[in-house]
Amino acid sequence: MRQTMIDAGMVPGITVRAITNRATTDPESIRWTLATEQLATVFDWELGDLVQEVLLMDGMVVPENGQVPLLDCHSRWSCEDQMGSVIDFKQTISGAFAATDGLVRFAADEKSQRTKQKVVDGHLTDGSAGYRVLRSVWIPEGTEAIIRNRSFKGPLKVTMEWAIKEFSLTPIGADSLAKVRGLYVGPFGETTAIMPDCRGTTLRAR
């Protein structure tokens, strides 16, 4: 399965998750739910298999400059792939789950503004957050663990600390509460979460 993930375009070590937009769509202030603590199926590179993961929102680490790139379907190979940036990260609630949202800012070029209009018009609702897992625990089946005064039952991966690297807009997402949670490994070893990718491969790599 590991080779299948690589063949599908995933970079070893990066995790991706998708989420449906639960953001405000005021053209001048678009806030997007980037991730939630809802269970998500991701590919674990260490275990070499798909696993259920809970991503703890209070463990998110933001870059020192306070922003991450806004990308087109997790493509990071050209400056043309960047459509803007995401800033002003805040912990919130989405449905019954803790969540994190951010202020999405679109660049002034034609492509970015066309994409923004699709969001404002309600056509584009999904996104995916790319992140690098910094600290996590695997809970085997039939066992239970207490993490930060909360009980979790296996089989489950609980990620306590993760660094958000980018946020992508995608035509199709997976997480019904935050179509912007994903991750894949970049050229420098960073992990990014995605699910599914923009080619329709419903896989999440880590």
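Visitor: Is tyrosine 131 buried or exposed?

Guide: This is a predicted model, and the answer rests on the computed relative accessible area, for which anything under 20% counts as buried. Tyrosine 131 has a relative accessible area of 0%, and the residue is therefore classed as buried.

Visitor: How many aromatic pairs are there, and which kind is the pair of tryptophan 32 and phenylalanine 167?

Guide: The count comes to two aromatic pairs. For tryptophan 32 and phenylalanine 167, the ring centres lie 5.6 Å apart and the planes meet at 65 degrees. Because planes over 60 degrees apart fall into that class, the pair of tryptophan 32 and phenylalanine 167 is edge-to-face.

Visitor: How many residues apart in sequence are the parts that tryptophan 32 and phenylalanine 167 tie together?

Guide: Tryptophan 32 belongs to strand 3, which covers residues 29–36, while phenylalanine 167 belongs to strand 13, which covers residues 156–170. Tryptophan 32 is buried at a relative accessible area of 0%, and phenylalanine 167 is buried with a relative accessible area of 0%. The pair therefore ties together parts of the chain whose separation in sequence is 135 residues.

Visitor: Which kind of pair do the rings of tyrosine 131 and tryptophan 162 form?

Guide: The ring centres of tyrosine 131 and tryptophan 162 are 5.3 Å apart, with their planes at 65 degrees, so this pair is edge-to-face. The pair links distant parts of the chain, since tyrosine 131 lies in strand 10 (residues 126–139) and tryptophan 162 in strand 13, 31 residues apart. Tryptophan 162 is buried, with a relative accessible area of 0%. The kind asked for is thus edge-to-face.

Visitor: In which strand is threonine 100, and which residues does it touch?

Guide: Threonine 100 counts as buried, at 2% relative accessibility. Leaving aside residues up to four places away in sequence, threonine 100 touches Trp32, Thr33, Leu34, Ala35, Met57, Met60, Phe89, Lys90, Gln91 and Thr92. The strand that holds threonine 100 is strand 9, residues 97–106.

Visitor: Turning to the protein as a whole, what share of its contacts with a separation of 6 or more is accounted for by residues 24 or more positions apart?

Guide: The protein has two helices and 13 strands, and buried residues make up 52% of its 206 residues. It exposes about 9,400 Å², of which carbon and sulfur atoms supply 50%. Among the contacts with a separation of 6 or more, the share from residues 24 or more positions apart is 69%.

Methods. Residues are numbered from 1 along each chain as its sequence is written. This is a predicted model: local features need pLDDT of at least 70, side-chain atom pairs count only at pLDDT 80 or more; totals for chains, interfaces and linings use all residues. Side-chain values use heavy atoms; hydrogens and water are left out. Rings of Phe, Tyr and Trp (its six-membered ring) pair if their centres lie within 6.5 Å; planes under 30 degrees apart count as stacked, over 60 as edge-to-face and the rest as tilted. Helices (H or I, at least four residues) and strands (E, at least two) are DSSP runs, numbered from the N terminus. Buried means under 20% relative accessible area, exposed over 50%, partly exposed in between (1.4 Å probe, protein chains only). Contact means heavy atoms within 4.5 Å. Accessible areas come from the Shrake-Rupley method with a 1.4 Å probe; for residues, only the protein chains shown count as cover.
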